[in-house]
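Here is a short report for a reader meeting this structure for the first time. Look at the model, then follow the text from one feature to the next.

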Amino acid sequence: MSEPAKPKVAFYWCASCGGCEEAVVDLAEKVLDVVAAVDIVFWPVALDFKRQDVEAMPDGAILAAFVNGAIRTTEQEEMAHLLRKKSKVLVAFGACAQLGGIPGLANLSSREGIFQTVYSESPSTANTQGTLPETLYKDNGHSLSLPEFFDTVCSLDQVVDVDYYVPGCPPTPKILLQAVETLLSGKLPPKGTVLAPDHALCDECPRKDTRPEKLTLTAFKRASEVVLDQEKCLLAQGVVCLGPATRAGCEALCPRGNMPCTGCFGPSSRVRDFGAKALSAVASIIESNDEAEIERIANTIPDPVGTFYRYSLPASLLRRKKARPVRRAA
Amino acid sequence: MSNAEKMTEPNPAQSPGAGAAGARRRITIDPITRLEGHGKIEVFLDEQGNVERAYFQVPELRGFEKFAEGRPAEDMPQITSRICGVCPTAHHMAATKALDGLYRVTPPPAALKIRELFYSTFMTEDHALHFYFLGGPDFIVGPQAPAAERNVLGVIARVGVEVGQKVIAMRRRLRELMALVGGKAAHPVLGLPGGVAKRLTAEDQKQFQQVAQDAVDFARFTLETFKNVVLKNSLYVELIRSEMFTHRTYYLGMVDANQRVNFYDGSLRVVTPEGQEYAKFRPQQYLEYLAEHVEPWSYIKFAYLKPLGWQGFADGRESSVYCVAPLARLNAADGMATPLAQEAYEKFFATLGGKPVHHTLANHWARVIELLYAAERMQQLAADPEIIDPNVRTLPTAAPREGVGVVEAPRGTLIHHYQTDEKGIIQKANLIVATQNNAARIAMSVEKAARGLITGGNVSEGVLNMVEMAFRAYDPCHGCATHSLPGSMPLLLRVHDRAGSVVATLRRDFDGKIQRT
């Protein structure tokens, strides 16, 4: 072969919505450049390569595997291990893989709680028999299996070693392209790097000049209660905007839609726990020294966990009552 | 049987070995990767090698209903959009409408128009993409064409590179408009109780008008392509009409005050397998008419018509199985609300022998008719001078209690139902998504295709594509059109004997070659 082999790239999804796959399709005309530069060897959503094809590859044969979605089943865990073994570089792609994402809010409940709500308490569900999906079931002698769910949703790096992270829910096409270019350049950044700008979203927000020098609030408002000005700093208008705590890179898409940042790009490199950082950023603008008054103001935020940890509960320092799943070898 | 006993059974899909002739057998099709997450089919054969039973399984559950509890209601449009990254707009809008109901607030006219314009833009994008990338290849390239060509690349080869570029560019422009209004195209942020977050400027409106005009032209071109490629080919028309892909079920869809198809708002109408109106109800009454059945072998629940009770996976008037999505919407309505789409609607039923049409594959044609409607509706709304009125919010004043929001997602009726405390914190959430409505009929379609194809133990390569086509007409709400850029549905099919031993494996590779091992 005269033509040198193109670098091999894999895409895989775990517990996710498909929005990260959309990010790839949203490259639009540029998707053809990506296809020209790399050889996609595994992408179950689009291509007919199977798990067994990946298993047959030599270890490290794939330059980079982009894995999106959180981990919540044994199958996903196995796939994460397999792709880790076969890839030089494993990239956690998108908020769910990086931090656990919105499906990670399920960690506020348990598997049993979810089953009860969905299959028993739901007002449209007629299930007087109390039937529940079973991992192995015999129906008239036909044995049928379903995958097993973990009680806890995990981020990718809680299951396997991760080299890089691409943030966002979903990552923007621009961030994705830059990440691919970085990996193809051969000049790899230090392990653990989040492939996005390392400063706060406020820096690239079109409203940043309207943010007061010293911003203080005596109450928080909910977006449902207020008509928001389309030009002014959203935090200054009293709604919880996580721009100050959130990594830049999306170019402030939600504020451009006249809604506050909810933190999907996660923290900057200096922060371990995104929710704690976001909470402290917001708490710092509460104007009071009186404990009761501070509490009153803080209570105007009705759902602190869902607000500050919306995308990062599994990756947070907050621990659940129950233990995480036992890690398995590949 | 205890769990421990169950777990000691061998996993049939992984057991190697040779099977005995004349024994009952099992066929596993797993994975089917064009579904969002994974889908799985299990086919059981009797001693004669005929299909005894086939199961369509969805091994996926994320529990949004549960972790919605405790969240502020106004966060639901953004949280529930993460159910599906390909049709997030449908969840976003159903949730937003549920918030209107929750706070008993009516958005200003401009807000309602912006919502519907945004939604029509989304439907245009989604339907077009499905036709060219997912459903279309079966017809434009051909059901019997080599699988390697039966994909978007084959479509481009057939209709020309410039058309391919046109499709990509059209989609990009529609997505850009969605980001303009909704902040993000995937997981938008515009929906609030009583309106939208952002008003439309005169400049935005001009952009919408331009793109809408191009979208209508594009939709007409698509319909023309469908006519030339499919309708002028008697083999395709025969295939659409074949019994293999036909089910006589009830149909559900949203209609406006004139009984015409509407994606954004209206009443829910059900017609019988004979085409008469069975029920018409407000979305808030859904619990009187719709219910869900649980099977222990799938995570998905199977919706059915509640007054008829669950009667199993069966066709006909006595069965309570109903169907949603483009074909169902056309069947459940009396027509389309825009002129070009109405013309196409009439031609559709005239060609296929009147209402209702029961042929599952006719979904592809129905989808193109809806594409035309969505683009025409986009054009109407973009031309409306009121749409740039700056008043786009009615602030809620009533105490929140309960709200139901319904839209027609690209693949069918989507219901969000919330109950909150007096502070608007979600206490209970209930969701019926498009694929749950269709789950029973999808399961039946898979079984029927398997029965039609597998007789006397003959498992031909053709099984792969026929099963694939039985799926493809519904697929998207899981499998979401854009997931499937190039490539045909990859399939792995294992034939097992009764003891669970593999007697044959068929594999279709990316290049479309079938391998037997």
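Where is the place of P170(A)? P170(A) sits in the loop between β9 and α7 of chain A. The model is predicted, and the text below should be read with that in mind.

**Backbone features that stand out**

Start with that loop. C169(A) and P170(A) are joined by a cis peptide bond, with omega about -10 degrees. Chain B has a cis bond too, running from K355(B) to P356(B), with omega near -10 degrees. P356(B) belongs to the loop between α12 (339–351) and α13 (363–382) of chain B. Most residues other than glycine have a negative phi, and most peptide bonds are trans.

Two residues carry a positive phi. E251(A) is not a glycine, yet its phi is about 65 degrees. The residue lies in the loop between α7 and α8 of chain A. Is E251(A) buried or exposed, or something in between? E251(A) counts as partly exposed because it has 15 C-beta neighbours inside 10 Å, and a buried residue would need 20 or more.

Q259(B) is the counterpart in chain B: a positive phi of about 65 degrees, and not a glycine. Its place is the loop between β6 (250–255) and β7 (267–271) of chain B. Q259(B) has 17 C-beta neighbours inside 10 Å, so it counts as partly exposed.

**The sheet of chain A**

Which strands form the open sheet, and in what order? Five strands of chain A do, in the order β2-β1-β3-β5-β9, with parallel pairing. β2 and β9 (164–166) of chain A are the edge strands, each pairing on one side only. On average, neighbouring strands of this sheet are turned by 30 degrees against each other, direction ignored.

| Strand pair | Sense | Bridges | Facing residues |
|---|---|---|---|
| β1(A) and β2 (residues 39–42) of chain A | parallel | three | K8(A) and D39(A) |

Why is β1(A) described as largely enclosed by the rest of the structure? Five of its six residues are buried, so the strand is largely enclosed.

**Helices on the sheet**

Helix α4 (residues 74–86) of chain A lies across β1, β3 and β5 of chain A. Its direction runs at about 135 degrees to β5(A). Helix α7 (residues 173–185) of chain A also packs on the sheet, where it touches β3, β5 and β9 of chain A. The direction of α7(A) makes about 155 degrees with that of β9(A).

**Where the chains meet**

How many residues does each chain bring to the contact? Chain A gives 67 residues and chain B gives 83 residues. On the side of chain A that touches chain B, the elements giving two or more residues are α1 (19–25), α6 (111–121), β6 (136–139), β7 (142–145) and α8 (253–256) of chain A. The residues on that side of chain A divide into 36 nonpolar, 19 polar and 12 charged.

Note on methods:
Residues numbered from 1 in each chain as written. Chains lettered and ligands numbered in written order. Predicted model: local features only at pLDDT ≥ 70, side-chain atom pairs only at ≥ 80, totals over all residues. Buried ≥ 20, exposed ≤ 12 C-beta atoms within 10 Å, placed from the backbone. Helix = DSSP H or I, 4+ residues; strand = E, 2+ residues; numbered from the N terminus. Pairing = 2+ DSSP bridges. Axes fitted to C-alpha atoms, helices over the stretch in contact; angles between N-to-C directions. Contact = placed C-beta atoms within 7 Å. Nonpolar A, V, L, I, M, F, W, Y, C, P; charged D, E, K, R; others polar.
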